[in-house]
Amino acid sequence: MEDIYHSIHTFLTEKNVQLVAVSKTKPIDAIMTLYDAGQRDFGENRIQELKEKQPLLPADIRWHLIGHLQSNKVKYIIPYIHLIHSVDSLQLLSEINKQAEKSNRVIPCLLQVYIAKEESKSGLHENEITAVLDSSVYASMKNITIQGLMGMATNTSDETIVRGEFRQLKQLFDQIKEKYFVSSPHFSHISMGMSNDYKIAVEEGSTMVRLGSLLFGNRN
Ligand SMILES: *Cc1c(COP(=O)(O)O)cnc(C)c1O
């Protein structure tokens, strides 16, 4: 596990890409193995699991939420969450802002973009992203910052499809940055790439990959 971690970490560092180790379903000792190897960014997709693991692990872990977030569960992660990758509605963003205000925090968020050809993958469509960023509700939020976009490609062995979707996400990122965040250095993350497609994602401009099974082994 450490060997594969070090080789992937070296590859990504050379490309200036951040690694989020996706530890969902994995036990504390497996997480600690990577922590001891130097990894600090970990991602979970379920609030319940994150709630259970977070207090048992070192406080300097940077926790990333990568899965769908229900508004009524936002409050549980506000005290410690480092980056929420999966914001998929203005309503959710409002709730994050509201809870963050109570805790006196500013929460970094990514907007999840729908790029896949599969109905099961969630996210915002391009017009919905601009609707969020154009809204007066968003303009009034003081306790969130939008730091980039996240997307998941279609789960297929057809590299052309996957590459095309990542390319589309990178283009959208560039357009949004130019239109809304020209003077904001924080809008800098393109979270794309998982175990099966991270090399393509890196070639297409990913700044942050989310790797689970490649690091930890297959999930049951
Ligand atoms: C599970 C998951 C990953 C990691 O998937 P692997 O194929 O195991 O690397 C990445 N992103 C999201 C949103 C996930 O839910």
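Buried means under 20% relative accessible area, exposed means over 50%, and partly exposed is what falls in between, using a 1.4 Å probe and protein chains only. Keep those cut-offs at hand for the tour.

This is a predicted model, in which local features need pLDDT of at least 70 and side-chain atom pairs count only at pLDDT 80 or more, while totals for chains, interfaces and linings use all residues. Residues are numbered from 1 along each chain as its sequence is written, and side-chain values use heavy atoms, with hydrogens and water left out.

**Stop 1: the whole chain**

Start with everything selected and a cartoon view. The protein chain has 10 helices and eight strands; these are DSSP runs numbered from the N terminus, with helices being H or I of at least four residues and strands E of at least two. Its C-alpha trace spans about 50 × 40 × 35 Å along the principal axes. The radius of gyration is 17 Å, which agrees with the value near 17 Å for a compact globule of 220 residues; it is taken over C-alpha atoms, and the globule rule is 2.2 Å times the number of residues to the power 0.38.

The accessible surface comes to about 10,600 Å², and 47% of it belongs to carbon and sulfur atoms; the areas come from the Shrake-Rupley method with a 1.4 Å probe, and for residues only the protein chains shown count as cover. Of the 220 residues, 50% count as buried. Among contacts with a separation of 6 or more, 59% are between residues 24 or more positions apart, where contact means heavy atoms within 4.5 Å.

**Stop 2: helix α1**

Select residues 2-14. Helix α1 has 13 residues and reaches 18 Å from its first C-alpha to its last, close to the 18 Å expected at 1.5 Å a residue; the expected span is 1.5 Å times one less than the number of residues. Show the side chains of Y5, I8 and L12, which are buried. They lie on the same side of α1 because they cover an arc of only 75 degrees around the axis, the arc being that of the directions from the helix axis to the C-beta atoms. An α-helix has 3.6 residues a turn, so residues three or four places apart point the same way.

Which elements pack against the buried residues of α1? Colour β1 (18-22), α2 (28-36), α9 (198-203), β8 (208-211) and α10 (213-216) to see them. On the face turned away from the buried side, find the exposed residues D3 and E14.

**Stop 3: two asparagines with positive phi**

Step on to N16, in the loop between α1 and β1. Although N16 is not a glycine, its phi is positive, about 65 degrees. N16 counts as exposed, at 67% relative accessibility.

Then jump to N104, in the loop between α5 (90-102) and β5 (107-113). N104 also has a positive phi, near 60 degrees, in a residue other than glycine. With 71% relative accessibility, N104 counts as exposed.

**Stop 4: helix α2**

Select residues 28-36 and show A30, I31, L34 and Y35, which are buried in α2. They sit on the same side of α2, since their arc around the axis is only 145 degrees. Their cover includes α1, β1, β2 (41-44), α3 (47-53) and α10. Exposed D29 and D36 are on the other side. Just after α2, G38 takes a positive phi of about 115 degrees.

**Stop 5: salt bridges**

Side chains of opposite charge can pair when their charged atoms come close. Here a salt bridge is a side-chain nitrogen of Lys or Arg within 4 Å of a carboxyl oxygen of Asp or Glu, and the count comes to 12.

Begin with R46 and E49, which meet at 3.4 Å, N to O. R46 is partly exposed at 46% relative accessible area, whereas E49 is buried at 11%.

Next, select E165 and K117, whose side chains meet at 3.2 Å, N to O. This pair links distant parts of the chain, 48 residues apart: E165 is in helix α8 (residues 159-180), and K117 is in the loop between β5 and α6 (126-134). Is E165 buried or exposed? E165 is buried, with a relative accessible area of 0%, while K117 is exposed at 60%.

Stay in α8 for K170 and D174, which lie four residues apart, about one turn of the helix. Their closest N and O atoms are 3.0 Å apart in a salt bridge. K170 is partly exposed at 28%, and D174 is partly exposed at 35%. Finish by selecting E159, R163, R167, E203 and E204, which salt bridges with shared partners join into one network.
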